[in-house]
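Have a look at the sequence and structure first, and then read on.

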Amino acid sequence: MTPADVHEGYAEAITERRAEVLKGAYQNHPERFVNKMPTPPTLNTEVWINRPTEEEMKESP
């Protein structure tokens, strides 16, 4: 998922569509999925490149 998808509010719709596609794939070919029906990854609530330490976060206004 691109950052634009997330910031523009498309993330939930994309995740729902992915779930539908995975469900269809599982229904058509359950032998390809050994353990269970696949699900799309959950959305992250935070994403960091270089996360500041707790001390640095306390220092910022």
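## The largest pocket

In this predicted model, the largest pocket has a volume of about 370 Å³. Its lining is made up of 15 residues, and those nearest the centre are Met1, Val6, Leu43, Asn44 and Val47. Two elements, α1 (3-7) and α2 (11-28), each give two or more residues to this lining.

## Tyrosine 10, between two helices

The loop between α1 and α2 holds tyrosine 10. With a relative accessible area of 48%, tyrosine 10 is partly exposed, because the exposed class takes in values over 50% and the buried class those under 20%.

To place tyrosine 10 against another residue, take leucine 22: the two are 12 residues apart in sequence, and their C-alpha atoms are 18 Å apart in space.

## The aromatic pair

How many aromatic pairs does a search of the whole structure find? There is one, and it joins the rings of tyrosine 26 and phenylalanine 33. Two values describe such a pair: the distance of the centres and the angle of the planes. For tyrosine 26 and phenylalanine 33, the ring centres are 5.9 Å apart and the planes lie at 55°, so the pair counts as tilted.

Are these two residues buried, exposed or partly exposed? Tyrosine 26 is partly exposed at 27% relative accessibility, and phenylalanine 33 is partly exposed with a relative accessible area of 23%.

Terms used:
Residues are numbered from 1 along each chain as its sequence is written. This is a predicted model: local features need pLDDT of at least 70, side-chain atom pairs count only at pLDDT 80 or more; totals for chains, interfaces and linings use all residues. Side-chain values use heavy atoms; hydrogens and water are left out. On a 1 Å grid over the protein atoms alone, a cavity is a set of points where a 1.4 Å probe fits but cannot get out, and a pocket is an open set with protein on both sides within 12 Å along at least five of seven lines; lining residues have an atom within 4 Å of a point. Grid points are joined across faces, edges and corners, and a volume is the space filled by probe spheres set on the points. Helices (H or I, at least four residues) and strands (E, at least two) are DSSP runs, numbered from the N terminus. Buried means under 20% relative accessible area, exposed over 50%, partly exposed in between (1.4 Å probe, protein chains only). Rings of Phe, Tyr and Trp (its six-membered ring) pair if their centres lie within 6.5 Å; planes under 30 degrees apart count as stacked, over 60 as edge-to-face and the rest as tilted.
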